[in-house]
Amino acid sequence: MALRLPAGFFRGLLRVALKPFLRPRFPFWFQRAWLTLASNLNLVSRGASVDKLDIDGMSAVRVRPKGSDPDRTILYLHGGGYCTGSWRTQKGLISQLAVDARTVVYAPHYRLAPEHPHPAALDDALNAYRWVLDQGASPDWLSIAGDSAGGGLALALAIAIRDSELPAPASLVLVSPWLDLRGDSPSMTENAKIDPMLSPAWSRQCAAAYLAGRDPEDPACSPLYAHHEGLPPVLIQTGSDEIIVDDSIRFADRARDAGVDVTLQVFEGLWHEVQLHAGLLREADQAIEQIAQFLHAH
């Protein structure tokens, strides 16, 4: 039987080993290095091969599980506040998702702020989507997924695709998505102490770097404020203890009002990106399984 650790262990570990270092007093180069180091604690599934490749000039990986359906594809956009993170920091989650969903996953490392503020990340995401289509992926079997800032980027990408001549993906999966860079929702303050990973101060630091003076309600940066008509079915997973849980709840309400098929799952007592701990935490395994079920249904 595979080892599973209690949720309290991960909550305490994040509070001690990660949250104190995701703070404005640390430069982004240090935050990136520390996050990459800490991510080595997450479990990479042995049921998939991980191949490095280049996607339109971006470092990327292709994760192919044994027995995967060659018709099914996921374009995965990593989190990290638009300023940190890469496919390396999210490789555990990506590999576990690929295996559970029996799906090939492509994950590019888009350009980060403050060196490359908006719209660099969105431009890179659009180019990655075109690249995946050019490899022969059918949009009817293609999903866009992302976590945290990558979840916000995934939604912004889907909106940009809808407003272009590109074919729409079959579905969207948003894991703990950061959708409102204005950052003044009630959960931002109400959950500031109980969120074991994120702080409002770090959120503001990353938002300022990514926006670079733009209006935080610009729909391309904060897709919560976009028009959501015509989007494909969406699955949203979030933890009740996140400082950005309100982003998911408000988007679900707005998207449903726009006629979008939305499934919102709020995990009580859990935190930001709990899915990162798949393979080690039972609740994370269950969340990944639910994503796989959603993907197969759509």
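In strand β7, V234 is the bridge partner of L172. The model is a predicted one. The pairing involves β6, residues 171-175, and β7, residues 234-239. These two strands run in the parallel sense and are joined over four bridges. Helix α8, spanning residues 245-257, packs on the sheet here and touches β6, β7 and β8. The direction of α8 makes about 160° with that of β8.

The sheet as a whole is open and contains eight strands. Their order is β1-β2-β4-β3-β5-β6-β7-β8, with mixed pairing. The edges are formed by β1 (48-55) and β8 (262-267), each of which pairs on one side only. From one strand to the next, the twist averages 20°.

Helix-to-helix packing is described next for α3 and α9. Two packed helices are described by the angle between their axes and the distance between the axes. Helix α3 comprises residues 91-101, and helix α9 comprises residues 282-297. Their axes come within 9 Å and cross at roughly 50°. The two helices are therefore oblique to each other. Their crossing is right-handed. On the α3 side, the contact involves L93, Q96, L97, D100 and A101. These residues meet D285, I288, E289, I291, A292, L295 and H296 of α9. By class, the contact of α3 with α9 has seven nonpolar residues, two polar and three charged.

Methods: Residues are numbered from 1 along each chain as its sequence is written. This is a predicted model: local features need pLDDT of at least 70, side-chain atom pairs count only at pLDDT 80 or more; totals for chains, interfaces and linings use all residues. Side-chain values use heavy atoms; hydrogens and water are left out. Two strands pair if DSSP finds at least two bridges between them. Axes are lines fitted to C-alpha atoms, for helices over the stretch in contact, and angles run from 0 to 180 degrees between N-to-C directions. Contact means heavy atoms within 4.5 Å. Angles under 35 degrees count as roughly parallel, over 145 as roughly antiparallel, 65 to 115 as roughly perpendicular and the rest as oblique. A crossing is left-handed if the near helix is turned anticlockwise from the far one by less than a right angle, and right-handed if clockwise. Ala, Val, Leu, Ile, Met, Phe, Trp, Tyr, Cys and Pro count as nonpolar, Asp, Glu, Lys and Arg as charged, and the others, Gly among them, as polar.
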